[in-house]
Each structure stands twice: as structure tokens, then as C-alpha cells.
Amino acid sequence: ERATRAGPSDDMRAAADVHGTLRRHGGILRRSRRDRRTCGKPRVACEAETNWSRAMVENDVRHFLHLDDFSKDELSAMLQRASEVKAKIKGGDRSFQPFKGMSMAMIFTKPSMRTRVSFETGFHLLGGHAVYLGPNDIGIGKREATKDVARVLSRYNDLIMARLFAHQDLIDLAQYSTVPIINGLTDYNHPCQLMADALTIKEHFGRVDGIKMVYIGDGNNMVHSMLRLAAVFPMEFVCCCPESYVPDPTTVKRAMDAGFSKIEISHSPMDAVKGADVIYTDVWASMGQKEEAEQRRKDFTGFQVNMALMDAAGPQCKFMHCLPAERGVECTDEVIESNRSIVFDEAENRMHAQNAVMLYSLDC
């Protein structure tokens, strides 16, 4: 699932030929991407600077596509950076402007309030300018080839965030872009949400290691992201779902084979949640599945997160949801409004976690 290439494209060779030259970009003279100075220090090859080379493709581009492209130390460093920058922002300090003079293209084939506002606001607060490109602005893979979109946008912008249906479109963007691609969500996974979740868990429990997280619901892209987090951080992860809604078996095996975490697929919510630190759920019918909503409500009978389920887990247990929530369907209003719910801390942390991801990707 990682982006791979047989070799650099003609466009990439052309970009290398103009290494060190200045180009006009948005009315501002800038160095070409590979020679640009960032955050007051010369950009150096990432392999010489850190251990993050596994997550990169050619030309020192730091993409953020899957959580287990990174080590535990690397993700922990991003979470620590998120906490530090969050403290600055919450304290009213607006002096930290690492993205000044930079632009980010935001591609949306799936609309979202949280993804758009958290990325756009976060990038602005750190000095940058974000450009929203909605479903009708590009027609990615239909009106224009994904590889052409990647080549064009990466010549205008310093960063591209993409919230897409097809995961292959994300891989194609990463393959042909000469600037970092950040995965804002695909039908396969949602790593930025899990970074926000890990930050929230760390704030409430003081750690991510050793947490028991129980997901109740559809074995969807959220579960795939949790499994890939469990392939990095040691934890106990249980996906509790109806038998016909299990997650991708290859991703389950990947998490198990990593050998860090205890992974379980369960079909009994009451048994699954015993001793849980976190109970997590998501809508039963995601975007693009709404025509299945009625059938899914029948199939998910008994999988609603309610106070009885929270009590079965124990008093230590917190409730999480990636939002938007269908109150009264996958979770009760009582649970989401209770003092055991940390969903709005989680939603706020989308911005702070993503700021850290962008700082990493832009080498700031």
C-alpha cells in the first residue's frame, strides 16, 4: 500500500534540473522546493537527519499516508510537537509562523466540516494560506488524470492534503507529486483522525502504550487506522462488529504480525468492553453507504454504545467518536453528553495533531 515508483517521471527530472533556482509562485519569489530553506535552517536529506526515510518516496518528499509507515519514536515525536504547538495557540501566542509564505492545496472529493476547518485554520494560524478544491473543482481521476493533478498542484503549492474516496488516488498523488501529500481520509484509512485520537488519549491517560481500545461498529476505515496504529504502539485493540462487517483481513494480519499489540475481533459488545480504557464508535453507514442505512441498522442491532455498555467497561472508561454522530443510532445522546465523553477534546485535537503532521511533512 505504500507508494512505489519504477523511477522518476520526466516532470521530476525537470524539477531536479532547476534545483536551486528561484521561481515566481503566487506573486512571491521562492526557491525551488528541493533547495528551499525552511524554518531558518537549510533543508538536508532526511535520511541523514532522522530515521523517517521509510515514510518517504523520492526527492526527500515526506508524505503522510499510513501510520505504520513510521516508528513509535517518530509518531511520539509528532504527538509531542502537537502538544507544544497546541500550548502556544491556546495561550494566545501567534508568533510561531513556520508556514509564512507557504500555500496548501486541499482536495476534497468527500465533504467534511472538521477536516476542512481544522486543516485550513491550523495552516492559517501557523502563517500559511490554504486553497479549498471541492468535488466539482477538479473531478480527480475523471475530468483530469490523478497524476496530472499531482504534477500541476505540486508546482503551485508547498503541500497537498487530500480527502478522497479511492485509496489508489492517494497513492497516485504521492507517486507523482513533488511536494508532500497528507492523507485527510480515504475509504481505506484515516490516519490524521487517529493522530488526534492518540493525542487525546495521551492527554487523558498520560500514555498511549498499554491502552485497551474497543471499537464497536463497522470494520471500516477507522478500524484500519486503529489496526495500523496498533502495529506501532503496544496496546490491546478489539474490533467488535457483526460477523458480516469485519475489517480487511490483510490489515488485521499486518497488525498481528507486527507483534506489538494484542488484536482481537469480537462479535459480543458486552464481553469485548470489559476493562476497556476507551470505547470508540463511528456511524454505521458512512458517506457513500447511505442507501444501506436501513439494512445496516438491522444488522447492527445490539451494537449501540449506551450507558449500560459504558458501565460494563468500568469507571475508567472514556467514550470517543470521530464525528459526525448519529445520536440515538450508534451511540445514545446520554453517552455523548456524559462526563465520560471526550469527543469534543478529540475533535479539537484534529487541528493540533494535523499541525504537527504538517510541520513534519514540511520539515519545520
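## Packing of helices H3 and H15

In this predicted model, the contact between two helices brings Met-78, Arg-81, Ala-82, Val-85, Lys-86, Ile-89 and Lys-90 of H3 against Glu-348, Asn-349, His-352, Ala-353, Asn-355, Ala-356, Val-357, Leu-359 and Tyr-360 of H15.

The geometry of the pair can be stated as follows: H3, which covers residues 72-90, and H15, which covers residues 343-361, pack at an angle of about 120 degrees, and their axes are 8 Å apart. The handedness of the crossing of H3 and H15 is right-handed.

## The chain as a whole

The chain contains 15 helices and 11 strands, and of its 364 residues 57% are buried. Among the contacts in the chain with a separation of 6 or more, 73% are accounted for by residues 24 or more positions apart.

Strand S3, residues 103-108, is mostly covered, since six of its six residues are buried. In a regular strand, side chains alternate between the two faces of the sheet. For S3 both faces are covered, with Ser-103, Ala-105 and Ile-107 buried on one side and Met-104, Met-106 and Phe-108 buried on the other.

S3 is joined to strand S4, residues 129-133, by five bridges, and the two strands run parallel; within this pairing, Met-106 stands opposite Tyr-132 of S4.

## Strands S5 and S6

Strand S5, residues 159-163, is joined in turn to S6 by four bridges, and the two strands run parallel; in this pairing, Ala-162 has Asn-183 of S6 as its bridge partner. Between S5 and S6 the chain passes through helix H7, residues 167-176, in a β-α-β crossover that is right-handed.

How many of the five residues of strand S6 are buried? Five of the five residues of S6, which spans residues 181-185, are buried, so this strand is largely enclosed by the rest of the structure. Leu-185, which is found in S6, has a relative accessibility of 7% and therefore counts as buried, the cut-off being under 20%. The backbone of Leu-185 deserves a separate remark, as its phi is near 145 degrees, a positive value in a residue other than glycine.

## The five-stranded open sheet

Another part of the fold is an open sheet of five strands, in which the order is S9-S8-S7-S10-S11 and the pairing is parallel. S9, residues 262-266, and S11 stand at the edges, and because each has a single partner strand, one side of each is left without a neighbour in the sheet. Neighbouring strands of this sheet are turned against each other by 20 degrees on average, with direction ignored.

Within the sheet, strand S7, residues 212-216, and strand S10, residues 278-281, pair in the parallel sense over four bridges, and Val-214 stands opposite Ile-279 of S10.

## Individual residues and backbone details

The peptide bond from Leu-323 to Pro-324 is cis, with omega near 0 degrees. Pro-324 lies in the loop between strand S11, residues 318-321, and helix H14, residues 333-336.

Asp-363 is found in the segment after H15, and its phi is near 60 degrees, a positive value in a residue other than glycine. Is Asp-363 buried or exposed? With a relative accessible area of 3%, Asp-363 falls under the 20% cut-off and is therefore buried.

Ala-258 has its place in helix H10, residues 249-258, and at 31% relative accessibility this residue counts as partly exposed, because the value lies between the limits of 20% and 50%. Along the chain Ala-258 and Val-232 are 26 residues apart, while a distance of 7.6 Å separates their C-alpha atoms.

Note on methods:
Residues are numbered from 1 along each chain as its sequence is written. This is a predicted model: local features need pLDDT of at least 70, side-chain atom pairs count only at pLDDT 80 or more; totals for chains, interfaces and linings use all residues. Side-chain values use heavy atoms; hydrogens and water are left out. Axes are lines fitted to C-alpha atoms, for helices over the stretch in contact, and angles run from 0 to 180 degrees between N-to-C directions. A crossing is left-handed if the near helix is turned anticlockwise from the far one by less than a right angle, and right-handed if clockwise. Contact means heavy atoms within 4.5 Å. Buried means under 20% relative accessible area, exposed over 50%, partly exposed in between (1.4 Å probe, protein chains only). Two strands pair if DSSP finds at least two bridges between them. A crossover is right-handed if, with the strands pointing away from the viewer, the path from the first strand over the helix to the second runs clockwise.
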